[in-house]
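Please look at the sequence and the structure before reading on.

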Amino acid sequence: MERKKVTTTVLKEMKGKKEKITMLAAYDYPTARMIDEAAIEAILVGDSLGNVVLGHRDTLSVTMDEMIHHTKAVARGTKYALLVGDMPFLSYQASIEDAIRNAGRLVKEGQAEAVKVEGGRNVVDKVEAIIRAGIPVMGHLGLTPQWVHQFGGFKVRGKTETTARSIIEDAKVLEEAGVFSIVLECVPWQLAKMITESVSVPTIGIGAGPYCDGQVLVLHDLLGLSGQHIPKFVKRYTDMEGIVAKALANFREEVKSCKFPSIEHSYAMEDEELKKLLRHPFRARKSA
Ligand code: KIV
């Protein structure tokens, strides 16, 4: 059966049908291709690019040019999944014009089909403007990493009645603004459930429990490629670091012990050509 291209409408229909949505954050062509082939519905080129792939301690230094560079690569590997590009820190906070232009760059240059913006009431004017410009927006509430310094660290959000009410209010405001989906990051599962039941657009959880309409993880976390620090919400489905470490040790050992490369991994010359070559052996030229 021919697979259907996933659009923002498909994700909204999935919520109606209570069909869970899967999304993964990825940053390059080969992983995008594998995710797309695995029929994951959406690929997010997250600004987690900063800490996961570029080695920064957080997402704040990621630039628009870096996001576009990686979104382009992911787009080349994506055929069916919805491609969402993350708006990095300061690409939308300062003005509506910045927001439209930078969202437009992710679509026009990066080939994203939608963008993700962190925040609720504090950024809703930018969210509305991007949507008015024809670009679908995915919201992001709870632990929004671009606000890490204001939050005083990467902590669960919405644990008290007041903060939970504020996140619910933000979700309602984003829904009214026209977002097609909302990521809920690191919030108590009861709050995520309440929001999921009270908004018409799909919620995609990460550290938000089992009752969201979908789930997103960073691919490197899922594969066991992100070092020793494993947040509580991550499930590692394999240990790629262990697998890679073994492969690298084998490669090193086989080269050192002359096991690799063998003739099997080498190119051969035709016998006739070899004979001709041996008839007139190579002599070094005399230097002038
Ligand atoms: O940048 C990112 O990868 C994200 C996801 C964790 C939702 O925002």
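The sections below describe the basis of the model, the ligand's surroundings and the pocket.

## Basis of the model

The model is predicted; local features need pLDDT of at least 70, side-chain atom pairs count only at pLDDT 80 or more, and totals for chains, interfaces and linings use all residues. Residues are numbered from 1 along each chain as its sequence is written, and side-chain values use heavy atoms, with hydrogens and water left out.

## Surroundings of the ligand

Around the ligand stand Ala25, Leu44, Gly46, Asp47, Ser48, Asp86, Lys116, His140, Val183, Ile206 and Val218 (each has a heavy atom within 4 Å of the ligand). This shell comprises five nonpolar, three polar and three charged residues (Ala, Val, Leu, Ile, Met, Phe, Trp, Tyr, Cys and Pro count as nonpolar, Asp, Glu, Lys and Arg as charged, and the others, Gly among them, as polar).

Ser48 has a side-chain N or O atom 2.5 Å from an oxygen atom of the ligand. For Lys116, the distance from a side-chain N or O atom to a ligand oxygen is 3.0 Å, and a polar side-chain atom of Asp86 lies 3.2 Å from an oxygen atom of the ligand. The protein buries 95% of the 260 Å² that the ligand exposes when taken alone (areas come from the Shrake-Rupley method with a 1.4 Å probe).

## The pocket

The ligand sits in the largest pocket (more than half of its atoms lie within 2 Å of the pocket's grid points). A pocket is an open set of points on a 1 Å grid over the protein atoms alone, where a 1.4 Å probe fits, with protein on both sides within 12 Å along at least five of seven lines; lining residues have an atom within 4 Å of a point.

The largest pocket holds about 1,000 Å³ of space (the space filled by probe spheres set on the points). Among its 39 lining residues, Glu185, Cys186, Asp221, Pro231 and Phe233 are the closest to its centre.

Conventions
Polar contact = N/O pair within 3.5 Å; in protein donor to acceptor, adjacent residues only side chain to side chain.
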